[in-house]
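Here's a quick briefing to read alongside the coordinates.

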Amino acid sequence: MKFQTSRREFVSAGLMLPVVSATSKLDFLQPSDKPTEKAPVAPVKLDYRTLGRTGLKVTTVGFGCMITSDPSVITRAADLGINYFDTARGYQHGNNERMVGAALAGKRKEIVLSTKSPAGDKASLLKDLDTSLGELKTDYVDIWYLHAKSKPDEIHDDMIEAQQIAKQQGKIRFAGVSTHGGQQILAPWMVQKGAFDVLLAAYNFSMDASMDQAVQLASKAGIGVVGMKVMAGGFRSVKPTDPIFDKLHRDGALLAALKWVIQKPGVSTTIPSMTDMDQLDENLKAMGNTFSNTDEKLLAQHLEQINPLYCRLCGKCEGTCQKGLPIADTLRILTYADGYRQFALARERYQELPAQHVAVRCGDCKECTVDCPYGVHVSDRMTRAQELFA
Amino acid sequence: MKLCCLLFALVMSAGTAGAQDYLNCQLVAGWEQTGAKRNYAADNLYDYKDGGAEGYLVYSFARMQGVDCKSGAVTLAIDVSEMGDADLAYGMFAANRDPNLPIAKIGMGGQVQPQSLSFAKGKYFVEIVETDGNPTSNQTAALEAFAGKMEPLIEGRSTPPEALDWFVKDDLESARLVPESVLGLRLLKHGYIAKYKQGQAFIVLETSPESAAEVMKKLRERFDGAVAAQLGDEAFQVKAPYLDGLCVFRKGRYIAGYANLPDAQQAVAMSTKLAARIP
């Protein structure tokens, strides 16, 4: 299988790649000539935005390919008009790139393709890029990310040089950085550095306002912003076989979470991980539908459910328990049982805590001195951990 | 109650001791531990694997223990992940192996490359990787030495999932476990896919014949133009978008068939062979 596009064709295509009108905020695509098992009932609404200084026009719902179960889901997404697809060198040791390459065969000119490398030096990065191009069966990728960086000192000058060399060689069109937890530090640094075109950042409704500022700062400087982990970790851990999964779908919370990111200023596109055809159909609904008051209420309810339960491990409670209990450690252990249903593991970890801590009972204190800035009900959660594991 | 607690403590301590045994750099002469051992669970695997963590979570990742071993200028990172069960551990291995390279006889299956080795045994998925980033180095001997010492110390099954053996072997290119949504369809929750030179076969594991029959009913409703086929307990065939020539049959609690063949008749013919191999 080979893509039709040669590097020469790519160069001649230049910025003609965005085939959709720049002024078209909301376009309609007729159902594909290859519909799913039963054709979609209505035409799919496609909403496009410009990805910063790249000038690429991307659908606001992109496609995170990492855990896709079958290449047909990716192919169908492209047929339906989604035009941004993301993979990485490291996903399934290259098998994911191979699947994406096969799924998008013959569609290279119609889509924006991104991949990433975790390598830490110029030679390894460029070697990874050549491997990626081979697996993806293409001559170039549109965006090539330095994968999963948390702080500026993880990005050395020779890594930036590798991206520039790759650009000169026509192997990549634009350079990016992906980050899961360093947005607030990396965004201003990327702006100041001036060497990057795109920021791929974890961004979801559970994050605080400093994340909004980081995204807008990058966007205003012309850096295209792609949102990932848009469903929030708490959602991702719920599997389709879990009864909660159906509830989340039924009440629209997953869709609301995706719409929340799309409506944020500065975000050009998103890459929700899509496992199957059903999830693709659901996520498509996020385009052409504005984030509503109902969505806001739904997310507020879910945030309310999450807030009293889930420790964000910010460390601000450290040293504030009058009995000296390791609050964050204990709440993390409790998450193994409550969040991931790994009760034996949770009990094992709890029993590894110092004996003097295991012996403490929160009910013995008249008043709890720990105040979580995120609203976790610390005393209740600690009591639950003690009841379950002590 | 006390007896239960004692037994629980014994089981847990035995498990911990086991991990200590196989995560030992001195298993191979000339190697020493460098740095502290690492431990990750489902909620903090992102700290180590970043976005790649999701690739572990879909195989019901429970926890990972790891250690770095050094000999001279070479460092090997050894990580042992505990997955939901042995089938899922094999699934993790199969999803991450290079299908162009052979499977080595290590545990349920392994793969050796110049700078990395992986294998699955029982519910454990083991990765040993040279971390020095030298693209020309060849650490095959050291990798195999560690695998050879570790594998007997890891508890659990050494045979691949039996369902993999049911696939027709002619023209088989690769087979893997799909932890969610076989063929990209959420109805088909969990099963195996075998890729052939032409088309692919699948076997989905349902909990009972009744639940499998319910899934078959819903599945058939999804495909316009599906017609019955005489196969297994029930079957249908259809030419479907993205799946091309498709045949799906149920045999007891298993839902299986062929997809992506030029026409549905061919899918029925191949499915008949597959049905004969499923007990």
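A crossing of two helices is called right-handed if the near helix is turned clockwise from the far one by less than a right angle, and left-handed if the turn is anticlockwise. By that rule, helix 4 of chain A and helix 5 of chain A cross in the right-handed sense. Keep in mind that this is a predicted model.

**The helix pair in chain A**

- Two packed helices are described by the angle between their axes and the distance between the axes.
- For helix 4 (residues 122-136) and helix 5 (residues 157-168) of chain A, the axes come within 8 Å and cross at roughly 35 degrees.
- On the helix 4 side of chain A, the contact uses Lys122(A), Leu125(A), Leu126(A) and Leu129(A).
- Helix 5 of chain A answers with Asp158(A), Met159(A), Glu161(A), Ala162(A), Ile165(A) and Ala166(A).

- The average pLDDT of chain A is 81, and 77% of its residues score at least 70.
- Residues 1-41 of chain A are another story: the pLDDT there is below 50, although the stretch has 69 contacts in the model beyond near neighbours in sequence.
- Where pLDDT is low, the predicted coordinates should not be read in detail.

**The seven-stranded sheet in chain B**

- Chain B has an open sheet of seven strands in the order 7-8-9-13-12-11-10, and the pairing is antiparallel.
- Its edges are strand 7 (172-178) and strand 10 (227-228) of chain B, each of which pairs on one side only.
- Helix 7 (residues 264-277) of chain B packs on this sheet, touching strand 9, strand 11 (234-240), strand 12 (244-251) and strand 13 of chain B.
- The direction of helix 7 makes about 30 degrees with that of strand 12 of chain B.
- Six bridges hold the antiparallel pairing of strand 9 (residues 200-205) with strand 13 (residues 254-261) of chain B, and Val204(B) has Ile255(B) as its bridge partner in strand 13 of chain B.

**Strands 1 to 3 of chain B**

- Strand 1 (residues 32-41) and strand 2 (residues 63-71) of chain B pair antiparallel over seven bridges, with Thr34(B) opposite Asp68(B) of strand 2.
- Strand 2 of chain B also runs antiparallel to strand 3 (residues 74-82) of chain B, joined by nine bridges; here Cys69(B) stands opposite Leu76(B) of strand 3.
- In the hairpin of strands 2 and 3 of chain B, two residues lie between the strands, and Gly72(B) takes a positive phi near 60 degrees.

Terms used:
Residues are numbered from 1 along each chain as its sequence is written. Chains are lettered from A and ligands numbered from 1 in the order in which they are written. This is a predicted model: local features need pLDDT of at least 70, side-chain atom pairs count only at pLDDT 80 or more; totals for chains, interfaces and linings use all residues. Two strands pair if DSSP finds at least two bridges between them. Helices (H or I, at least four residues) and strands (E, at least two) are DSSP runs, numbered from the N terminus. Two residues are in contact if their C-beta atoms, placed from the backbone, lie within 7 Å. Axes are lines fitted to C-alpha atoms, for helices over the stretch in contact, and angles run from 0 to 180 degrees between N-to-C directions. pLDDT is the predictor's confidence in each residue, from 0 to 100.
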